[in-house]
Amino acid sequence: MLKRVLLILLLLAISKFSHTPHLLVTDPSTWMNSSVWDHNATLWSILHPGSEFYTSYTYGFDLEFILRKIAHLSFFGMLGLLFYWNLKEQRYRYVKAWFCLAAFAFLDEVHQAFIIGRDGRIVDVMIDSFGAAVILFVLYKVRKSSTR
């Protein structure tokens, strides 16, 4: 039960931060900004080939950028672990947990693209997925070595 509650809480926390416009990791006063939807955005405008969703970042490589990417790696790494713990013991449990995480990461980035002052990027989906893959791989190796 606790694992399920933690999974839901982390999903909600990530969604809340994704829904916060002009969020700065380095400025906690921005963590509670009121959300503003971009009513002109459509799923097609976000995901069409050539859209900004598929381009690299336009802002600089500074402390804010580094902390954001560390947050992506760590939060989605933890989320991957929680997905794993919430799946029954079965074949391909690690892979299923990673796919659940990757699907949520993609949906979260699309959601972010609808918020004014935020942008969604496929690069962030890859970073999120990588964070989970690392954690799940380490867990796999630890569990495999402990069963010997």
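Guide: The expected span of a helix is 1.5 Å times one less than its number of residues. Helices (H or I, at least four residues) and strands (E, at least two) are DSSP runs, numbered from the N terminus. This is a predicted model, in which local features need pLDDT of at least 70 and side-chain atom pairs count only at pLDDT 80 or more, while totals for chains, interfaces and linings use all residues. Residues are numbered from 1 along each chain as its sequence is written, and side-chain values use heavy atoms, with hydrogens and water left out.

Visitor: How far apart are the end C-alpha atoms of H4?

Guide: Helix H4 has 21 residues, which should span 30 Å at 1.5 Å a residue. The model agrees with this expectation, since the separation of the end C-alpha atoms is 30 Å.

Visitor: What covers the buried residues of H4?

Guide: Buried means under 20% relative accessible area, exposed means over 50%, and partly exposed lies in between (1.4 Å probe, protein chains only). The buried residues of H4 include Arg93, Leu101, Phe104, Asp108 and Val110. Their cover includes H1, H2, H3 and helix H5 (122-146).

Visitor: Which residues touch the most other members of the largest nonpolar core?

Guide: A nonpolar core is a set of buried Ala, Val, Leu, Ile, Met, Phe, Trp, Tyr and Cys residues joined through side-chain atoms within 4.5 Å. The largest such core has 18 residues, and those touching the most other members are Phe76, Leu79 and Phe83.

Visitor: Which helix supplies the largest share of this core?

Guide: At least two residues of the core come from each of H1, H3, H4 and H5. The largest share is six residues, and the helix that supplies it is H3.

Visitor: How is the aromatic pair of Phe76 and Phe104 classed?

Guide: Rings of Phe, Tyr and Trp (its six-membered ring) pair if their centres lie within 6.5 Å; planes under 30 degrees apart count as stacked, over 60 as edge-to-face and the rest as tilted. Nine aromatic pairs are present in the structure. For Phe76 and Phe104, the centres are 6.2 Å apart and the planes make 35 degrees, so by the cut-offs the pair is tilted.

Visitor: How many residues apart in sequence are the parts that this pair ties together?

Guide: Phe76 is buried at 3% relative accessibility, and Phe104 is buried at 16%. Because Phe76 belongs to helix H3 and Phe104 to helix H4, the pair ties together parts whose separation in sequence is 28 residues.

Visitor: Which residues does His72 touch, not counting residues up to four places away in sequence?

Guide: His72 is part of helix H3 and is buried, with a relative accessible area of 12%. Contact means heavy atoms within 4.5 Å. On that basis the residues touched by His72 are Gly77, Glu109, Asp124, Ile127 and Asp128.

Visitor: What is the closest distance between N and O atoms in the salt bridge of Lys69 with Asp124?

Guide: A salt bridge is a side-chain nitrogen of Lys or Arg within 4 Å of a carboxyl oxygen of Asp or Glu, and the count by this rule is six. Lys69 is buried at 10% relative accessible area, as is Asp124 at 3%. The closest N and O atoms of Lys69 and Asp124 are separated by 2.7 Å.

Visitor: Where do Arg121 and Glu52 lie?

Guide: The side chains of Arg121 and Glu52 form a salt bridge at 4.0 Å, N to O. Arg121 is buried at 1% relative accessibility, whereas Glu52 is partly exposed at 47%. The pair ties together parts 69 residues apart in sequence, because Arg121 lies in the loop between H4 and H5 and Glu52 in the loop between H2 and H3.

Visitor: Is Tyr92 buried or exposed?

Guide: Tyr92 belongs to the loop between helix H3 (63-86) and helix H4 (93-113). Its phi is near 60 degrees, a positive value in a residue other than glycine. With a relative accessible area of 53%, Tyr92 is exposed.
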